[in-house]
Amino acid sequence: MVFEADACFGTCPVFTMSVLEDGTAYYDAEMYNDQQGHFKTIVEKAQLDSLKQLIELSNILGLKDNYSIPVTDHPTYTLRVQYNNDQQKTIRDYGPGGPDELKKIYHFMFSLRETQHWR
């Protein structure tokens with residue numbers, strides 16, 4: 001799974017985070033994060049299980065590919081999920097304007113920046 005948070009016209013955090021099936025995670029913190037740079041960690045099992053459950057409960061494959069709110073100056077979030085059967089889904093969400101299930105995943109990804117031991 002890959003999550004990207006793009007820039008807004010303010011100080012929105014800009015970063016990309018990839019979490020692999022085994023918990024290996026990569027964090028590329030570009031701007032407006034507590035730290036900048038390229039980092040790696042192993043996501044703790046309980047949090048990895050929570051992320052997998054959020055993805056499963058959100059029915060990613062049944063969601064639209066694009067969401068947007070009708071205002072300016074907000075970030076775009078991109079979520080890419082690769083399933084074990086090689087099926088893939090990418091969702092671009094400006095605002096964010098997507099359903100609550102997606103927002104829970106976004107919130108979780110933002111929290112991983114603070115809860116993991118990035119090296």
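Because the model is predicted, local features need pLDDT of at least 70 and side-chain atom pairs count only at pLDDT 80 or more, while totals for chains, interfaces and linings use all residues. Residues are numbered from 1 along each chain as its sequence is written, and side-chain values use heavy atoms, with hydrogens and water left out.

Helices (H or I, at least four residues) and strands (E, at least two) are DSSP runs, numbered from the N terminus. Strands of a sheet pair through backbone hydrogen bonds, either parallel or antiparallel. Two strands are taken as paired if DSSP finds at least two bridges between them.

Strand β2 (residues 14-19) pairs with β3 (residues 24-31) in the antiparallel sense, over six bridges. Within this pair, F15 has A29 of β3 as its bridge partner. The hairpin of β2 and β3 has four residues between the strands. There, G23 takes a positive phi near 100°. Strand β2 also runs antiparallel to β1, and four bridges join the two. V2 stands opposite S18 in β2. Five of the six residues of β2 are buried, so this strand is largely enclosed by the rest of the structure. Buried means under 20% relative accessible area, exposed means over 50%, and partly exposed lies in between (1.4 Å probe, protein chains only).

Further along the sheet, β6 and β7 pair in the antiparallel sense over seven bridges. Q82 has Q88 of β7 as its bridge partner. Five residues lie between β6 and β7 in their hairpin. Strands β5 and β7 pair in the parallel sense, over three bridges. In that region, N66 stands opposite R92 in β7.

Contact means heavy atoms within 4.5 Å. L102 is found in α2. At 0% relative accessibility, L102 counts as buried. Leaving aside residues up to four places away in sequence, L102 touches I60, L63, Y67, L79, I91 and D93. L102 and I55 are 47 residues apart in sequence, yet their C-alpha atoms are 8.4 Å apart in space.

Empty space was examined next. Rolling a probe the size of a water molecule over the atoms shows where empty space is left. The search uses a 1 Å grid over the protein atoms alone. A cavity is a set of points where a 1.4 Å probe fits but cannot get out; a pocket is an open set with protein on both sides within 12 Å along at least five of seven lines. Lining residues have an atom within 4 Å of a point. Grid points are joined across faces, edges and corners, and a volume is the space filled by probe spheres set on the points.

The largest pocket holds about 320 Å³ of space. Its lining has 13 residues, of which E21, K52, I55, V81 and Q82 lie nearest the centre. Helix α1 (45-58) and strand β6 each supply at least two lining residues. α1 gives the most, with five. By class, the lining has eight nonpolar, two polar and three charged residues. Ala, Val, Leu, Ile, Met, Phe, Trp, Tyr, Cys and Pro count as nonpolar; Asp, Glu, Lys and Arg count as charged; the others, Gly among them, count as polar.

Most residues other than glycine have a negative phi, and most peptide bonds are trans. D73, in the loop between β5 and β6, has a positive phi of about 75° although it is not a glycine. D73 is partly exposed, with a relative accessible area of 37%. D86, in the loop between β6 and β7, has a positive phi near 70°. D86 is exposed, at 65%. A cis peptide bond joins G95 and P96, with omega about -5°. P96 lies in the loop between β7 and α2.
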